[in-house]
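Let's take a friendly walk through a protein model together. Have the picture open and follow along as we go.

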Amino acid sequence: MRNKGAIRLLAIVFALVSLYQLTFTYVTKKVEKDARLFGAGDVKQEQAYLDSIRGENVYSFLGLKGYTYKECKELEMNLGLDLKGGMNVTMEVSVVDIIKAMANNSKNETFVAAIAKAKEMQANSQDDFVTLFGKAFSEIDPNAQLSSPDIFGTLELKDKIAFGATNSEVLKVLKTESEAAIDNTFNILRSRIDRFGVSQPNIQKADVSGRIIIELPGIKDAARVRKLLQGTASLEFWETYTYSEVGGALNAVNTKLAEINAASETTDEAPEVKEEVKANDDVALLDKIEGESQDSLTNAKELAKTYPLFSVLNPNQGKGGSSLAVVGYSHVKDTAQVNKIFAMPAVKSVLPRNLKFYWGVKAINDGGTIFELYAIKVTSRDGKAPLDGDAVISAHDEIDQRTASAEVSMSMNGEGSKVWARLTKDNLQKSIAIVLDGYVYSAPTVQSEIKGGSSSISGNFTIAEAKDLANILKSGKLPAPAHIIADEVVGPSLGQESIQKGMWSFIIAFIMILVYMFFFYSKGAGLTANIALITNLFFLFGVLASIGAVLTLPGIAGIVLTIGMSVDANVLIFERIQEEMKSGKGLSLAISDGYKNAYSAIIDGNLTTLLTGVILYIFGEGPIKGFATTLVIGIISSLFAAIFITRLFFEGRLARKKNITFTTKLTDNWLRNAHIGFIEKRKVFYVISGALIIASIISLSTRGLNQGIDFTGGRTYVVAFDQPVEVGDVAESLSAVYGHAPEVKTFGGNSQVKISTKYKIDQEGTEIDDEVEAKLFEGLKDYLPAGTTKESFLENNRKMSQKVGPTIADDIRQSAVWSVLFALIVIFLYIMIRFSNWQYGLGAVAALAHDTIIVLGIFSIFYGILPFSLEIDQAFIAAILTVVGYSINDTVVVFDRIREYLGLQPKRNPEEVIDKALNSTLRRTFSTSLSTLVVLLAIFFFGGTSIQGFTFALIVGVVVGTYSSLFIATPIAYDSKLRVQKVIAKKH
């Protein structure tokens, strides 16, 4: 083997990178174990421990760069919500409201009609809303102008839409502005999510414009999350106080709290401010940040007793800060306690009525743990801000020509300009706080009175910070409310159960594969294959960690399936080596030629599966994307391990003149000399397949498929009860509250059910979600223990909930169809080009269609009969595409051997040559199919209820795919080629 040194070096580098990435997961688990020991069962103490070391270095790789716990947490292997519990939300920004706001809610009849028509068109179209609106507007009145004064030709848009601008020019502006509003909404949502206090939240834009996908691990109060996410952004401008103006009031708070604590100690009552204002090591940390010491107060407990407020809020006594309005600093873990203190009635009595406090939106230190507290002055009788976001016409970031620093320019409408002039005049050399959603984003100091409504905000901004602030200021003018169109809640107990079952299925499958390879290919080749398999697994997890991939339950299935399929490359190599040895070649030459001759089949087979994985990644969402990610990475890493790692081991043994065995006495002659007449008996298999296809089509036409809410829209709940329940009784009870009988099925046992309903699925809003959950509780309360509250039911009995709106269901359905069709087209083209013969492509695609129809037919025939879910959802589409990839891998290996044999024996009877080629692949087909089935059966029996239907589709697909690659694909390619030859012969 050439370049052994380079391959060895690459393997070492790959291993070091994987080790480096996986150590972050090890470190975080170790820290969290220490936190559990510290907390001794107290979750709050455990979280306090983690908060306290959030910004501290806990790991250093090879003594180089140090990493804080927060950084390690961001770099660890991410688990999906199905493995650790939490909430997955898909939100859609209302572009309709953006367009209406830009047109100042125009009453123009054509405009109103176009908006309504575009909404109707959106239900069955993949185009963005602005494009649909443009089409609808032109269809309703081809001569109407969007730039007319009563639509978009407004004073506010005069700088962007010129008088007499064409409709296409206006639509271009609308697209730009709507995308900017979507970006801004994304930033606002991200900021809100950061304040939920969950670890490893994830927010990303979906492939469909205007959609945002959010994952919140560990969330229990789904109703609160929905309300917070769907609230409209509130931008406000406030006057402020300095510390010198409110320092006395803060001292008074300390005195009042000390009195309360002293009184509670005297009466032996629990103090109103508890030990949460206790020993606080972060006072010293804060003082280091501010460049001072706290030598006079070394005893933290005395500090907490004497200064209850200042033990959790370090006062800004002339120390500066980012703004004059900053009055103190707190560690992130103490901010809730500060809020609690200021909310106490006794504390409110000693504070000025026109004083309130807001936190800064971002931490001020590198560790992300220290936050500033701003003092806000309330000057109006109704307690509202003197100026809000409606006054802002435009805002954009720019570079100051004099200082070359980033700044933000802002323009206001007429009324806003007057208020802004008064505000700036009354607050010279003071700060005005810019507040969004109750958090201060900036508090610039006023240098002079600003008239005319145009002003610039400068500071130590980076270009990115200036851009963010400009977007924040624009949010008031272009409200872009985001609605939840799909959500899924997984309870922590269900997540833990999934982890346990997923890991058991993984371990059992892995051990079974190792045992099988060792048994079938002996301790020589089998042991080497097992080492390569373990190396492949190590590389796979390392890559997943390095790219920040989220490991889901389907992802674990993808890994386990990859293990099963990765055996195929080793099997192909070992079988070719044995063939070379039986032809009389020596061990060294047989190994060299065996690898060389196996490359074509390995690359062709894995490349087609890889293409399927890529298509699945492009069209899939959420867990399906996770499955595709692990599948694609697994295929690449398994190829590297099977081709190069095993070769390095063999070369090493050869160099030491050691023998290598590739089979055992029991398996040496297994299927070695088979003589099955595949082509001769092809019509028998045509009849068998035809009967299965006809039965499938009849069932699909009459019974149809059990479509899940991914394709129909609706809500699904998994509910656990203390005692077994009858699904018919549950359905009847829920029918009384919903007005129709929802679908109720057992889910993993008689004491757990899955409930699906379309009740008010076409209506949006948090009040609708609350109503559906309230009715669910009402309908099920007779099956719950006496005294169970709605909150307790949602937290403890509801194990999982999922909502899919009609719009996203339509998109999922379309993407599913396109993904399958696109996969078939790509595979047909690849095989046609690779084998220079369209008949091979036809045979392969016919076999894939055969496999797909039969799998669909079995799901249609047996749903409601088998004791597990056969629901058609996104996971099923992933299974179908995996079956396509597996089947084509099998078929390509067979075609590759046929091509080889026909090339070596061109003058012999093609039927005999093809039969011989097919028989020669039986050992490889048996080993690969058996190992893959062993893996899938382990997942099916031990992987948990939630993926049994998914795994069943794969099991059926592997059996049918193996059958079709031998008995359908090749005969069809043979017959079609024969028919073409007959047609050509007739012409001549």
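## Around Phe-574

Leaving aside residues up to four places away in sequence, Phe-574 touches Met-517, Tyr-521, Ala-525, Ala-529, Phe-650 and Phe-662. Contact here means heavy atoms within 4.5 Å. This is a predicted model, where local features need pLDDT of at least 70 and side-chain atom pairs count only at pLDDT 80 or more, while totals for chains, interfaces and linings use all residues. Residues are numbered from 1 along each chain as its sequence is written, and side-chain values use heavy atoms, with hydrogens and water left out.

Buried means under 20% relative accessible area, exposed over 50%, and partly exposed in between (1.4 Å probe, protein chains only).

Helices (H or I, at least four residues) and strands (E, at least two) are DSSP runs numbered from the N terminus.

## An open sheet

Now look for eight strands in an open sheet, ordered β5-β6-β4-β18-β23-β20-β22-β21 with antiparallel pairing. Two strands pair if DSSP finds at least two bridges between them. At the edges, β5 (202-205) and β21 (743-746) each have a single partner strand, so one side of each is left without a neighbour in the sheet. From one strand to the next, the twist averages 15°.

Helix α9 (residues 222-230) lies across β4, β6 (211-217), β18 and β23 (798-804), and runs at about 155° to β18. Helix α24 (residues 766-780) packs on the sheet too, touching β20 (714-720), β22 (752-757) and β23, and its direction makes about 40° with that of β20. For these angles, axes are lines fitted to C-alpha atoms, for helices over the stretch in contact, and angles run from 0 to 180 degrees between N-to-C directions.

## Zooming in on strand β4

How many bridges join β4 to β18? Strand β4 (residues 86-93) pairs with β18 (residues 482-490) over eight bridges, in the antiparallel sense. Asn-88 has Glu-488 in β18 as its bridge partner, and Val-93 stands opposite Ala-482 in β18. β4 and β6 also run antiparallel, joined by seven bridges; there, Met-87 has Leu-216 as its bridge partner.

In a regular strand the side chains alternate between the two faces of the sheet. Both faces of β4 are covered: Gly-86, Asn-88, Thr-90 and Glu-92 are buried on one side, and Met-87, Val-89, Met-91 and Val-93 are buried on the other.

## Aromatic pairs

The whole structure holds 39 aromatic pairs. Rings of Phe, Tyr and Trp (its six-membered ring) pair if their centres lie within 6.5 Å; planes under 30 degrees apart count as stacked, over 60 as edge-to-face and the rest as tilted. Ring pairs link a cluster whose members include Tyr-516, Phe-520, Phe-574 and Trp-670.
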